[in-house]
Amino acid sequence: MNWKERYILGCMPMDDMHKEFIDRVNALAAASDSLALGALEDLFEHSERHFAQENLWMRESGFPPLQCHIDEHARVQASLQSIIQMVKKGNPGLGKIVAREMESWFDHHAATMDTALARHMRHVGYSSRHQQDS
Ligand SMILES: [Fe+2]
């Protein structure tokens with residue numbers, strides 16, 4: 001999965017988080033069967049930080065479709081968790097399938113919900129304040 005120009009949403013902490021997401025997905029795609037579980041757990045651990053950060057930005061900046069975006073993050077985490085259980089039961093090949101699914105999920109999610117959030121934060125002046133604070 002390659003980083004694309006259109007993934008730059010103009011909110012640096014979010015862009016950095018998304019680069020890290022792509023790195024984790026690529027590590028999962030490249031993982032051999034014996035490393036698939038660890039790579040999936042790494043991706044899940046990343047998703048906890050990534051989504052918690054975005055959920056916090058949404059709450060603090062008063063993002064209107066907040067619940068819709070939070071629910072989508074929760075759905076992705078629930079499916080990652082169930083895949084982790086299946087891999088633990090001896091189905092390591094699922095790792096590569098999840099990596100492909102995550103690629104198309106992210107492509108759409110970044111273009112819709114994350115784009116809307118980045119625009120909203122800019123609009124209300126939240127993003128720049130956050131970047132000065134961090
Ligand atoms: Fe998001």
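**Exercise 1.** How many residues does α2 have, and what distance does α2 reach from its first C-alpha to its last?

*Solution.* The model is predicted: local features need pLDDT of at least 70, side-chain atom pairs count only at pLDDT 80 or more, and totals for chains, interfaces and linings use all residues. Residues are numbered from 1 along each chain as its sequence is written.

Step 1. Helices are DSSP runs of H or I with at least four residues, strands are runs of E with at least two, and both are numbered from the N terminus.

Step 2. α2 has 29 residues. The expected span of a helix is 1.5 Å times one less than its number of residues, and for α2 this is 42 Å.

Step 3. From first C-alpha to last, α2 reaches 42 Å, close to that expectation. After α2 comes glycine 62, with a positive phi near 70°.

**Exercise 2.** Describe the overall make-up of the protein.

*Solution.* Step 1. The protein has five helices and zero strands, in the pattern α-α-α-α-α along the sequence.

Step 1. The radius of gyration is 15 Å, close to the 14 Å that the globule rule gives for 134 residues, so the protein is as compact as a globular protein of that length. This radius is taken over C-alpha atoms, and the rule is 2.2 Å times the number of residues to the power 0.38.

Step 2. Along the principal axes, the C-alpha atoms fill a box of roughly 50 × 30 × 25 Å.

Step 3. Two residues are in contact if their C-beta atoms, placed from the backbone, lie within 7 Å. Among contacts with a separation of 6 or more, 72% join residues 24 or more positions apart.

**Exercise 3.** Which residues of α1 are buried, and which are exposed on the other side?

*Solution.* Step 1. A residue is buried if 20 or more other C-beta atoms lie within 10 Å of its own, exposed if 12 or fewer, and partly exposed in between, with C-beta atoms placed from the backbone.

Step 1. In α1 the buried residues are Met14, His18, Phe21, Arg24, Val25 and Leu28. Seen down the axis of α1, they fall within an arc of 115°, so they line one face of the helix. The arc is that of the directions from the helix axis to the C-beta atoms.

Step 2. Asp16 and Ala30 are exposed on the other side of α1. The cover over the buried residues of α1 includes α2 (33-61) and α4 (94-123).

Step 3. Methionine 17, also in α1, is partly exposed, because 17 other C-beta atoms lie within 10 Å. Leaving aside neighbours within four places in sequence, methionine 17 is in contact with His50 and Gln53.
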